[in-house]
Amino acid sequence: MLTRHSFWTLLVSLAAALTASATAVAADSARLDAYRQDGQTSYALSLTADMPNEEVEAVDVVVLFDTSASQQGAYRETALESLKTLLAGLRPSDRVQIVAVDLNSKPLTKDFASPQDPAIAAAVTALNQQPPLGTTDLGAALESAVQQFEQAGSANRSIVYIGDGVSMANLLDAPTLTPIVAKLHAAQVPVSSYAVGPKIDAELLAVLANQTGGNVYISEAMVWQDEAAGITDARAREENTRNAQVAGKNLASWSRTAVVWASQAQFPDVLGQVYPTAFPPIRADRDTILLGRTPAELNAPVAFAVRAAGADGKPVELAWTADVELGGPDQAYLVSLVDGASRDGGITLPTVGGAGLAEMARMKGAQSDELTMLAQRAIANGDKAGALQIVQTVLQTDPGNVQARTVQSALNGATADLPPA
């Protein structure tokens, strides 16, 4: 939800070039939050598109259901309940294919079928009877789903994953993710997930959602029977079922939400390097976050336009203008966030909309607090040099951290040498 620009000429000329063949024009909004440090401006750009159609008319959905060994007991029950609610929320015009995913991907229906087809009910029954075994190869499952869409000639496509996101059989680091994301982009397949299990990899699922124009729902903490707290087994099941149904309803809605895929994106030079380097898909129901860094001092409105393909294949024009919001120490986390994006082109950014960006800010703050506690322990152990090095690292990315500044002040014996807040 961020962007600014003063290149009005670029906006006008690019928009004029796109209008010739475009069939839809969107009124869009943007916001750009920036932080200036050491001659560089790090920023986060939030883009929201007001699309002509917020939903596609009909969609083919491949449901990847985690059947690995970790999905047992209440976790399996909750996952199945979310699947049932998802299927109930799909429309008669939609088609679905259910795939059991662990080390291998096993389609449980021969072809795509209506959500109300008896073959789908039989697939759910088969899932319920299948013992959870082995580990998961999520990368192979995603590639297999793309092949199913291609073979079926699916027009509108969506992958829904239900599971913990832990891909032990194929660790999805940046080099492994890059070709998988490229295939999902080429096939125009958004990936949305319900993260549920005893140990979830929410970051990986957020990365997939961010890079493909999907969404992610993180399960609430599982409710367990607790006699001391007055929670019966029936009450625990009721709460877990309710939470799963909320997730399933979201998955159904997300599967048919319109997504547009950029074919041309031109940023003015004043924005410097923008991440992800491959412009991510844009959804109708959330904003899209871009990060970047520039030596320029952003102090004037920023404007630019993007050409994208809509769900019907017709070109869509997207244009944004935003004023720059130059932040204080609370925005310093952007420095390390952009540093990380620069190392892999932003392929592993988990910033799913403004909520994802806020979560990254919270995590960066928590990391700073943990480091400051390490510095305090180092002081207690007599390692003042080590403690000073730690707090300097903290203040580099979180200059407003009061606790770290207090520790540094104590180490220096005065506040005169503290960096400005």
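Arg-95 is partly exposed, with a relative accessible area of 32%, whereas Asp-60 is buried at 7%; buried denotes under 20% relative accessible area, exposed over 50%, and partly exposed the range in between (1.4 Å probe, protein chains only). The model is predicted: local features need pLDDT of at least 70 and side-chain atom pairs count only at pLDDT 80 or more, while totals for chains, interfaces and linings use all residues. Residues are numbered from 1 along each chain as its sequence is written, and side-chain values use heavy atoms, with hydrogens and water left out.

**Salt bridges**

The side chains of Arg-95 and Asp-60 meet in a salt bridge at 2.6 Å, N to O. This pair links distant parts of the chain, with Arg-95 in strand E5 (residues 95–101) and Asp-60 in strand E4 (residues 60–66), 35 residues apart. A salt bridge is a side-chain nitrogen of Lys or Arg within 4 Å of a carboxyl oxygen of Asp or Glu. Helices (H or I, at least four residues) and strands (E, at least two) are DSSP runs, numbered from the N terminus.

The structure holds 14 salt bridges.

| Salt bridge | Distance, N to O |
|---|---|
| Arg-95 and Asp-60 | 2.6 Å |
| Arg-237 and Asp-233 | 3.1 Å |
| Arg-235 and Glu-239 | 3.6 Å |

Arg-237 and Asp-233 both lie in helix H7 (residues 233–255), four residues apart, or about one turn of the helix. Arg-237 is partly exposed at 43%, and Asp-233 is partly exposed at 38%. Arg-235 and Glu-239 likewise lie in H7, four residues apart; Arg-235 is partly exposed at 42%, but Glu-239 is buried at 19%. Elsewhere, a network of salt bridges links Glu-55, Arg-91, Asp-94 and Arg-256.

**Aromatic pairs**

Six aromatic pairs are present in the structure. Rings of Phe, Tyr and Trp (its six-membered ring) pair if their centres lie within 6.5 Å; planes under 30 degrees apart count as stacked, over 60 as edge-to-face and the rest as tilted.

Tyr-75 and Trp-224 form an edge-to-face pair, 5.8 Å centre to centre with 70° between the planes. Because Tyr-75 lies in helix H2 (residues 73–89) and Trp-224 in the loop between strand E9 (216–218) and H7, the pair ties together parts that are 149 residues apart in sequence. Tyr-75 is buried at 17% relative accessible area, while Trp-224 is partly exposed at 46%.

The rings of Phe-267 and Phe-304 form a tilted pair, with centres 4.9 Å apart and planes at 55°. Phe-304 is buried at 0%; Phe-267 is partly exposed at 22%. Ring pairs link Phe-267, Phe-279, Phe-304 and Trp-320 into a cluster.
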